[in-house]
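User: I would like a close look at one part of this model, with its surroundings. Please keep it brisk.

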Amino acid sequence: MKQSRKNFIKSSALLAGGLILSPQDTFARLLSSEPKGFKTLRENFGLFFERGGTIGWYVRNDFVMVIDSQFPDSVANFLTGLRKKTPRKIDILFNTHHHLDHTSGNFILKNNVLKIVAQENCPILQKQANEGTPRESEQVYADITFGTLWKQFVGNEIIKARHYFPAHTGGDAVIQLEYLNVAHMGDLVFNKVYPFIDLEGGGNIEGWIKFLDKCIDLFTRDTLIVFGHGLNEDHLYGNKLDLAYQRDYLSALMDYVKKEISKGKSRDEILLAEAIPGFEIMTGLWDDALKMNLNAAYTELGGQ
Ligand SMILES: [Zn+2]
């Protein structure tokens, strides 16, 4: 049974469901000795999934980076697993954007983190989203921010974070490790599921399409890319073909809504669509996910 996005954010039932492992899976994990929820993707880079946006990690003897922090409870489990890989403090915690399933765990990690980096709009939007809520006192914000490009050299590695346009929110960043040829997209990719488009949080669908185009140009065929959300735990990483699919879905969504508006259809009539042509296989992680996408496209196109 599906749920509201709010409840999805609270429970992330999809990912929790992903943790119900078959005996074979459990056996495979015992053999691999990966901490629970961890998956190594390339050398010393990998992901962690439990509840909320996928965490990325990069662990070296001289440097540790973590990308996004999920929720306090799940990030505590992450930290326990990370301690099996390294006793080192986290040199950099990166927030890909302000949503609470990517930043709520900052509070738990803060004593283990030297600095938090994010795009400059991220802490502003985080503050706005949490002001006057019970979560306000537990917000921990990025202390280093950037506009369009941030980079750091670590040994033979060059880490770069980029922001091109308002997209999923107004403060998204994509992080790339050039030497390893890996990246973390945050929520710029909801892999094969209807994305959440946060217009109130500064998001913009046309900007999102252009942002993905830039990343498709930037990456090679072999770039291994982590996504904020996906259909299941095997869809939390992929390559730039998945970025193209996300871009093409957003383009098709805009084209569809434009066409319906030009036929004289009302917002309510447009929201009745059951699929976007060509993307019938897409599903939602929460109730009314497609309706929310249609509504966002209608609003962005200036519909009344
Ligand atoms: Zn998000």
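How are helices H8 and H9 oriented to each other, roughly parallel or roughly antiparallel, and why?

Analyst: The model is predicted. H8 covers residues 205-218 and H9 covers residues 240-262. Their axes come within 9 Å. They cross at roughly 155 degrees. Angles over 145 degrees count as roughly antiparallel, and H8 and H9 are therefore roughly antiparallel to each other. Their crossing is left-handed.

The contact draws on both helices. H8 supplies Ile 205, Trp 208, Ile 209, Leu 212, Asp 213, Cys 215 and Ile 216. Facing them in H9 are Lys 240, Leu 243, Ala 244, Gln 246, Arg 247, Leu 250, Ser 251 and Met 254. By type, the residues of this contact are 10 nonpolar, two polar and three charged.

Now the sheet. Seven strands form an open sheet with mixed pairing, ordered S1-S2-S3-S4-S5-S6-S7. On average, neighbouring strands are turned by 25 degrees against each other, direction ignored.

S1 and S2 run antiparallel and are joined by four bridges. Thr 40 stands opposite Gly 46 of S2. The two strands form a hairpin with two residues between them. In that turn, Glu 43 has a positive phi of about 50 degrees.

S2 and S3 also run antiparallel, again with four bridges. Here Leu 47 stands opposite Gly 56 of S3. This hairpin has six residues between the strands, and Gly 52 takes a positive phi near 100 degrees.

S2 is covered on both faces. Phe 45 and Leu 47 are buried on one side, Gly 46 and Phe 48 on the other. In a regular strand, side chains alternate between the two faces of the sheet. Helix H4 (residues 72-85) lies across S1, S2 (45-48) and S3 (55-60). H4 runs at about 20 degrees to S3.

S6 (residues 113-119) and S7 run parallel, joined by three bridges. Ala 118 has Thr 145 in S7 as its bridge partner. Helix H7 (residues 121-130) packs on the sheet and touches S5 (90-95), S6 and S7. The direction of H7 makes about 90 degrees with that of S6.

To return to the question: H8 and H9 are roughly antiparallel, with a left-handed crossing.

Technical notes
Residues are numbered from 1 along each chain as its sequence is written. This is a predicted model: local features need pLDDT of at least 70, side-chain atom pairs count only at pLDDT 80 or more; totals for chains, interfaces and linings use all residues. Axes are lines fitted to C-alpha atoms, for helices over the stretch in contact, and angles run from 0 to 180 degrees between N-to-C directions. Angles under 35 degrees count as roughly parallel, over 145 as roughly antiparallel, 65 to 115 as roughly perpendicular and the rest as oblique. A crossing is left-handed if the near helix is turned anticlockwise from the far one by less than a right angle, and right-handed if clockwise. Two residues are in contact if their C-beta atoms, placed from the backbone, lie within 7 Å. Ala, Val, Leu, Ile, Met, Phe, Trp, Tyr, Cys and Pro count as nonpolar, Asp, Glu, Lys and Arg as charged, and the others, Gly among them, as polar. Two strands pair if DSSP finds at least two bridges between them. A residue is buried if 20 or more other C-beta atoms lie within 10 Å of its own, exposed if 12 or fewer, and partly exposed in between; C-beta atoms are placed from the backbone.
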